[in-house]
Amino acid sequence: MLSDKFGIPVYNCDIHARIITLTDWEVRDQLSNLVPGLYDDEGELDKTKLAAYLFASAEHAARVNAIIHPAVRSDLHEWLQHNAQEPVVAVETAILFESGFDTEVDRVLFVDAPLKTRIQRVMARDGLSHEEVLHRMKSQRPEEARQRADYCIVNDNEADLVSQLNSILRLLI
């Protein structure tokens with residue numbers, strides 16, 4: 001919405017991480033050393049295999065993140081330089097504080113929704129079961145993010161997102 005309705009450039013960490021895991025040979029090699037058979041003969045990433053490894057333990061997640069986060073951070077820095085003339089840019093990530101990317105931003109906008117709504121959205125988007133979504137959500141700390149955020153908007157399918165964002169953007173621009 002920031003991009004579509006307000007013309008604000010948005011760096012989506014998940015999308016860029018996916019691109020990096022497909023195109024950065026150093027990242028690919030390091031991930032392949034962690035998870036044999038992670039890439040097929042055509043070079044496609046087996047996302048199911050990576051997710052199984054990643055969410056199997058906190059230690060596994062830390063190993064994967066130690067490979068991907070620095071690459072994403074470097075890519076983000078290039079993107080920020082490319083968009084330096086913009087008055088406001090946004091970085092979208094579900095794990096801002098957990099990844100340490102909070103040091104890369106000036107303000108934090110937390111998007112909040114009821115747990116049931118969040119679970120339903122992820123199930124519909126990713127085709128996961130209720131239990132799989134809950135297991136993945138364990139790596140996130142939304143209460144901490146909500147408390148540390150500078151601004152919070154409610155995305156519960158009822159609140160007016162545009163007016164909430166307008167109010168916040170007036171403070172930033």
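1. The model is predicted, and local features need pLDDT of at least 70, side-chain atom pairs count only at pLDDT 80 or more, and totals for chains, interfaces and linings use all residues. Residues are numbered from 1 along each chain as its sequence is written, and side-chain values use heavy atoms, with hydrogens and water left out.

2. A salt bridge is defined here as a side-chain nitrogen of Lys or Arg within 4 Å of a carboxyl oxygen of Asp or Glu. Six salt bridges are counted by this rule.

3. One of the salt bridges joins R146 to D112, with 2.9 Å between the closest N and O atoms. This pair links distant parts of the chain, 34 residues apart: R146 lies in helix α9 (residues 142-148) and D112 in strand β3 (residues 109-112). Helices (H or I, at least four residues) and strands (E, at least two) are DSSP runs, numbered from the N terminus.

4. Relative accessible area is judged with a 1.4 Å probe on protein chains only: buried means under 20%, exposed over 50%, and partly exposed in between. D112 is buried, at 15%, whereas R146 is partly exposed, at 31%.

5. A further salt bridge connects D126 and R125, at 2.8 Å from N to O. R125 is exposed, at 63% relative accessibility, while D126 is partly exposed, at 37%.

6. E144 and R148 form a salt bridge of 2.6 Å, N to O. The two residues are about one helical turn apart because they stand four residues apart in helix α9. E144 is partly exposed, at 23%, and R148 is partly exposed, at 41%. Together with D102, E144 and R148 belong to a network of salt bridges.
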